[in-house]
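Welcome to a short tour of a protein model. Keep the sequence and the 3D view side by side as you read.

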Amino acid sequence: MKIDVVAIGEVCLDVITSNIPSILNRNITLNDITVTAGGMAVWFSRGIKSLNFRPGIISKIGKDHVGMFILKILQEEGIDTRGIKLSNVKTSVCIGLILSDGLKRFIGMLPPRLESDDIDLNYITQAKALHMAGYFLYPSLWGDNLRKIFKYAKKEGLLISLDTQSSSYARSISRQKLQSILKSVLDFVDVLLLDENEGELITGSDEPTTILERLSNLGANLIGLKLGRKGSMVFLNGKIYEIQAFDAPLKDTVGSGDIWDAGFLIGLLKRLEPKDAALVANAAVVLNKGLREKDRLNAMKFMQEKIM
Ligand SMILES: Nc1ncnc2c1ncn2[C@@H]1O[C@H](COP(=O)(O)OP(=O)(O)OP(=O)(O)O)[C@@H](O)[C@H]1O
Ligand SMILES: [Mg+2]
């Protein structure tokens, strides 16, 4: 199986619920609860696949029933799982609560530790791009360990992106430490991806333009800052572009940030200007998560014009 884009990161079981009141003081019955393979590397790979590129994942899951269930789903979806190690760990589960006001909250387990040995460099170099899906979820890769992998991938000519995501552990350490953990790999990162909460955690500002300036001072050249329903901002060489989200209701927003990352990266691989790659990213979100068929069809048409 050939691959175009490899994602290193989280694979878990997602349990997705919608329309949850923000104050939970009674039992709730829902018409539907989605149970599927999830985690940042999986949603990212679905985004890649939906744009007709071939995704592969490097990760670790348990040899348990949940792990087998996830593998089967990924294989059926055409995502390459050769880089997913089966280990004597418990496969993690993430419960997504989409609140009735549209906000999302997660109750989840930390993913199993990934060590450098779990990451096969030969596998990575089969691809054209490498994505770190959730750097702050993997303290075992912080600093030198990921740096070595990125250095190798860069030497082999891959485009490299990194989404920080956040974790309770990352929130517990000092801002200065978090900045140095990010800075230590930034010189190999072509695209830094994060949302405004992660931006605030790293920079101490809740103002998107200040977040971008401070990240640039840390050494980021190209940044995609995701702002939920407000859309996104792209920073390139001191210039900031504001990109509105497409006007289309979504089924749910679990994984929307990772699908956005996938669209952005494919746009860049197709040599689009970053601000146009962000439009491809928006379209990828609607294609995968749009509630209405007409919006999904429009997103597909848009995509075909831009990259296919
Ligand atoms: N409520 C929403 N309505 C419309 N579009 C949305 C909504 N939430 C997200 N999006 C779209 O998805 C993109 C990325 O989502 P978001 O900003 O939530 O990223 P994220 O915080 O990284 O997500 P994740 O929870 O997957 O990590 C946005 O830029 C926007 O285009
Ligand atoms: Mg995210």
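Helices (H or I, at least four residues) and strands (E, at least two) are DSSP runs, numbered from the N terminus. This is a predicted model, in which local features need pLDDT of at least 70 and side-chain atom pairs count only at pLDDT 80 or more, while totals for chains, interfaces and linings use all residues. Residues are numbered from 1 along each chain as its sequence is written, and chains are lettered from A and ligands numbered from 1 in the order in which they are written.

**The whole protein**

The secondary structure of the protein comes to 11 helices and 13 strands. Its C-alpha trace spans about 50 × 45 × 40 Å along the principal axes. A compact globule of 308 residues would have a radius of gyration near 19 Å, and the protein's 18 Å agrees with that. Here the radius of gyration is taken over C-alpha atoms, and the globule rule is 2.2 Å times the number of residues to the power 0.38.

**Around the ligand**

A residue is near a molecule or strand if its C-beta atom, placed from the backbone, lies within 6 Å of it. Of the 18 residues around ligand 1, Asp195, Lys226, Arg229, Ala245 and Gly257 come nearest. Helix H9 (256-269) and helix H10 (274-289) are the elements that give two or more residues to this shell. H9 gives the most, with four residues. By type, the shell holds five nonpolar, nine polar and four charged residues. In this count, Ala, Val, Leu, Ile, Met, Phe, Trp, Tyr, Cys and Pro are nonpolar, Asp, Glu, Lys and Arg are charged, and the others, Gly among them, are polar.

The axes of helix H1 (residues 40-50) and H10 come within 10 Å and cross at roughly 100 degrees. Axes are lines fitted to C-alpha atoms, for helices over the stretch in contact, and angles run from 0 to 180 degrees between N-to-C directions. H1 and H10 are therefore roughly perpendicular to each other; angles under 35 degrees count as roughly parallel, over 145 as roughly antiparallel, 65 to 115 as roughly perpendicular and the rest as oblique. Arg46, Gly47 and Ser50 of H1 make the contact with Ala284, Leu287 and Asn288 of H10. Two residues are in contact if their C-beta atoms, placed from the backbone, lie within 7 Å.

**The sheets**

Strands of a sheet pair through backbone hydrogen bonds, either parallel or antiparallel. Two strands pair if DSSP finds at least two bridges between them. One open sheet has four strands in the order S3-S2-S6-S7, with mixed pairing. Strand S3 (34-38) and strand S7 (104-108) are its edges, and the twist averages 25 degrees from one strand to the next. S6 and S7 form a hairpin with four residues between them, and Gly102 in the turn has a positive phi of about 95 degrees.

Another open sheet, also mixed in pairing, has nine strands in the order S5-S4-S1-S8-S9-S10-S11-S12-S13. Strand S5 (80-87) and strand S13 (239-243) each have a single partner strand, so one side of each is left without a neighbour in the sheet.

| Strand pair | Sense | Bridges | One facing pair |
|---|---|---|---|
| S2 and S6 | parallel | six bridges | Ile16 and Gly96 |
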